Amino acid sequence: MYIEQGYKGKIGLWKYWIIPCSFIGFMIFNYVLTIMSPINVEDSMKQMIDALGSNMVLIILLLPLAIGLFVVLGWTKLVHSQTITSLTTSRNKIDWKRIFFSFAVWGGLTIILTMIGVYISPEDYVLNFNLKPFLILALIGIILIPLQTSFEEYLFRGHMMQGIGIMAKNRWVPLVITSVLFGLMHLANPEVEKLGYGIMVYYIGTGFFLGILTLMDEGLELALGFHAANNLVGALLMTADWTAFQTDSIYRDISDPVLGWDVLVPVLVIFPIILFLFSKKYQWTDWKERLAGKVEPPIVQKEVKPIDLNDSLIEHNYPKSDTNG
């Protein structure tokens, strides 16, 4: 079972508090600065892009999170004395086919849905493609975005999921806590300022979706692939002046966004369909146990020392057998 993989390291519950609390503290600090700033997030992003260029701003946004991935992995290896494989999956080795399959499913679906939107409402989009800046963007994105998304997965669905699960001794508490915190992490995003707090339904809903993927599949692989596809394909394909990633993408959304019922479509329609698809492919069963069951330490089998016949005879004052005949 995935959460129980945390028992394979040196258990010390304090070890699970340091990185999450540091990251959450940084997020709170960033959010306070955002709401207290006299300049709104959209204008602040525009000023940075005008001064540094969109690709350099993207690097500035992604690099700290990419470094964070190695901090989490290093902490797991050096402090927890736990293998990266056991932080990633309950399988004997990381299943890269799962990662690539999930990436292909969501990446392909994102492209299809985006192009349908462009076809239905062409007035809302402009072709933004410029080969040289796009190639630079693609290089930056392919290197840094999977590191950024993997950091978030290893932190929330890996490190925190296992730690909270071991503390709570069940699965539903870490699922709820990590999903809500994952959503709240996006509070300082320009999308929230533009659309309002209702967009948090999407972010928290995505957190629950990724958490369910992790618990049902007993590993991070599907969540890693999905999250990387979501951010990478999104950054390359579509941008807008009010999104977190403002890039030299193929298309630019110039519409005036309005928060509506469509924010519920991914959470209530698309994500359940993907869960159904994965459940059939990977033959998931026992949903209640995997999502809400108990978390218990593995039973350690005591080593049985073989009986030495001569020692047994000595204990009972019998003479030793003469092995020389």
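## Basis of the model

The structure is a predicted model in which local features need pLDDT of at least 70 and side-chain atom pairs count only at pLDDT 80 or more, while totals for chains, interfaces and linings use all residues. Residues are numbered from 1 along each chain as its sequence is written, and side-chain values use heavy atoms, with hydrogens and water left out.

Helices (H or I, at least four residues) and strands (E, at least two) are DSSP runs numbered from the N terminus.

## Helix H5 and its surroundings

Helix H5 covers residues 96-120. Its 25 residues reach 36 Å from the first C-alpha to the last, close to the 36 Å expected at 1.5 Å a residue; the expected span is 1.5 Å times one less than the number of residues. The buried residues of H5 are Arg98, Ile99, Ser102, Trp106, Gly107, Thr110, Thr114, Gly117 and Val118. Buried means under 20% relative accessible area, exposed over 50%, and partly exposed in between (1.4 Å probe, protein chains only).

These buried residues of H5 pack against strand E1 (125-127), H9, H10, strand E2 (238-240), strand E3 (251-253) and H11. Contact here means heavy atoms within 4.5 Å.

## The H5 and H10 crossing

The axes of H5 and helix H10 (residues 221-237) come within 7 Å and cross at roughly 35°. Axes are lines fitted to C-alpha atoms, for helices over the stretch in contact, and angles run from 0 to 180 degrees between N-to-C directions. The crossing of H5 and H10 is right-handed; a crossing is right-handed if the near helix is turned clockwise from the far one by less than a right angle, and left-handed if anticlockwise. On the H5 side, the contact is made by Arg98, Ile99, Ser102, Phe103, Trp106, Gly107, Thr110, Ile111 and Thr114. H10 contributes Glu221, Leu222, Leu224, Gly225, Phe226, Ala228, Ala229, Asn230, Leu232, Val233 and Leu237. The residues of this contact between H5 and H10 divide into 12 nonpolar, 6 polar and 2 charged. In this division, Ala, Val, Leu, Ile, Met, Phe, Trp, Tyr, Cys and Pro count as nonpolar, Asp, Glu, Lys and Arg as charged, and the others, Gly among them, as polar.

Thr110, in H5, is buried with a relative accessible area of 14%, and Val233, in H10, is buried with 12%. Their C-alpha atoms are separated by 7.4 Å, although the two residues are 123 residues apart along the chain. Leaving aside neighbours within four places in sequence, Thr110 is in contact with Val233 and Leu237. With residues up to four places away likewise not counted, Val233 touches Gly107, Thr110, Ile111 and Ala228.

## The H6 and H9 crossing

Helix H6 (residues 131-168) and helix H9 (residues 200-217) pack at an angle of about 55°, with their axes 11 Å apart. H6 and H9 are therefore oblique to each other, given that angles under 35 degrees count as roughly parallel, over 145 as roughly antiparallel, 65 to 115 as roughly perpendicular and the rest as oblique. H6 passes H9 in a right-handed crossing. Glu153, Arg157 and Met161 in H6 meet Gly207, Leu210, Gly211, Thr214 and Leu215 in H9. The residues of this contact divide into 3 nonpolar, 3 polar and 2 charged.

Of the 18 residues of H9, 14 are buried, so H9 is largely enclosed by the rest of the structure. At 1.5 Å a residue, H9 should span 26 Å, and its end C-alpha atoms are 25 Å apart, which agrees. Thr214 of H9 counts as buried at 0% relative accessibility. Not counting residues up to four places away in sequence, Thr214 touches Tyr2, Arg157, Gly219, Leu220 and Ala223. The C-alpha atoms of Thr214 and Leu291, 77 residues apart along the chain, are separated by 9.6 Å.

## Residues with positive phi

Most residues other than glycine have a negative phi. Ser81, which is not a glycine, has a positive phi of about 50°. Ser81 lies in the loop between helix H3 (54-78) and helix H4 (84-88) and counts as partly exposed at 35% relative accessibility.

Gln283, also not a glycine, has a positive phi of about 55°. Gln283 is placed in the loop between helix H11 (264-282) and helix H12 (287-292), and at 64% relative accessibility Gln283 counts as exposed. Glu218, which follows H9, has a positive phi near 55°.
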